[in-house]
Amino acid sequence: MSFRIFRKGMFLSIRSKYRFISFVVVYSALAWLIAVPLRNVTFADMASPSFYSLQDPTSIRLIITVIAAIIIAMLYGFLLSFFRKMEIATLKCIGWGNTHVRTLIIGEILFVSTVGYLLLLELDIHILGINQYVPYVNVSSLIFGGDALLLTLIIIVFCQIPGVLVANYRILKVRPIVALKAK
């Protein structure tokens, strides 16, 4: 079921090339901004209560970045439901239910954010290769650890929940008559 959601979202999101490319770049930059404060953080560090104090600059940067991720996810959910209004109305007109349309929108949101994360992962692999094969260039400070990359993926996925809720709320309000009234 989950791969079907992802595949439907993939086909739908690639159709709008400019929005797809721009939001993949935005999500990749956002994933990088989340991974930077987590570079030296392990799961054991996150379990300690001192990590969540507002005196720690790492936690402050992380909180600000997570808030920015939630805002971007809500903006993407709003834009997605705004620009797909006619398509959603057409799908409802030919018999698609709210569940099917919701699956399509969730798949698109998750696909775009995952591709943005994979772009960060690809960049990290290239930086690791540069560090390994070009000895006179020191870029080891740009390499993220496995814990940071996993935590970044978890944060990116959980930050999509408000965007999914905004898109869900707006697509449920689209009536099939919108497609029939189109000029």
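Accessible areas were computed by the Shrake-Rupley method with a 1.4 Å probe, and for residues only the protein chains shown count as cover. The structure is a predicted model, in which local features need pLDDT of at least 70 and side-chain atom pairs count only at pLDDT 80 or more, while totals for chains, interfaces and linings use all residues. Residues are numbered from 1 along each chain as its sequence is written, and side-chain values use heavy atoms, with hydrogens and water left out.

The accessible surface of the protein chain comes to about 10700 Å². Carbon and sulfur atoms account for 71% of this surface. The chain has 183 residues, of which 37% count as buried. Buried means under 20% relative accessible area, exposed means over 50%, and partly exposed lies in between (1.4 Å probe, protein chains only).

The secondary structure consists of 8 helices and 0 strands. Helices (H or I, at least four residues) and strands (E, at least two) are DSSP runs, numbered from the N terminus. Along the sequence the pattern reads α-α-α-α-α-α-α-α. Contacts, defined as heavy atoms within 4.5 Å, were examined between residues at least 6 apart in sequence. Of these contacts, 82% join residues at least 24 apart.

The largest nonpolar core holds 38 residues. Such a core is a set of buried Ala, Val, Leu, Ile, Met, Phe, Trp, Tyr and Cys residues joined through side-chain atoms within 4.5 Å. Tyr27, Ile34 and Ile105 have the most contacts inside this core. At least two core residues come from each of H2 (17-35), H4 (57-83), H5 (85-93), H6 (98-133) and H7 (146-172). H7 gives the most, with 9 residues. Beyond its neighbours within four places in sequence, Ile34 contacts Leu62, Thr65, Ala69, Thr152, Ile155 and Ile156.

Helix H4 has 27 residues, which should span 39 Å at 1.5 Å a residue. The expected span is 1.5 Å times one less than the number of residues. The end C-alpha atoms of H4 are 39 Å apart, which agrees. Buried residues of H4 include Leu62, Thr65, Ala69, Ile72 and Tyr76. Among the elements covering the buried residues of H4 are H2, H5, H6 and H7.

The whole structure contains 6 aromatic pairs. Rings of Phe, Tyr and Trp (its six-membered ring) pair if their centres lie within 6.5 Å; planes under 30 degrees apart count as stacked, over 60 as edge-to-face and the rest as tilted. Tyr27 and Tyr76 form an edge-to-face pair, with 6.2 Å centre to centre and 90 degrees between the planes. Tyr27 lies in H2 and Tyr76 in H4, so this pair ties together parts that are 49 residues apart in sequence. Tyr27 is buried at 0% relative accessibility, and Tyr76 is buried at 1%. The rings of Phe78 and Phe82 are stacked, because their centres are 6.4 Å apart and their planes lie at 15 degrees. Both residues lie in H4, 4 residues apart, about one turn of the helix. Phe78 is partly exposed at 37% relative accessibility. Phe82 is also partly exposed, at 44%. Ring pairs also link Phe23, Tyr27 and Tyr76 into a cluster.

The structure holds 0 disulfides, a disulfide being a pair of cysteine sulfur atoms within 2.5 Å. Cys93 is partly exposed at 34% relative accessibility. Cys159 is buried at 5%.
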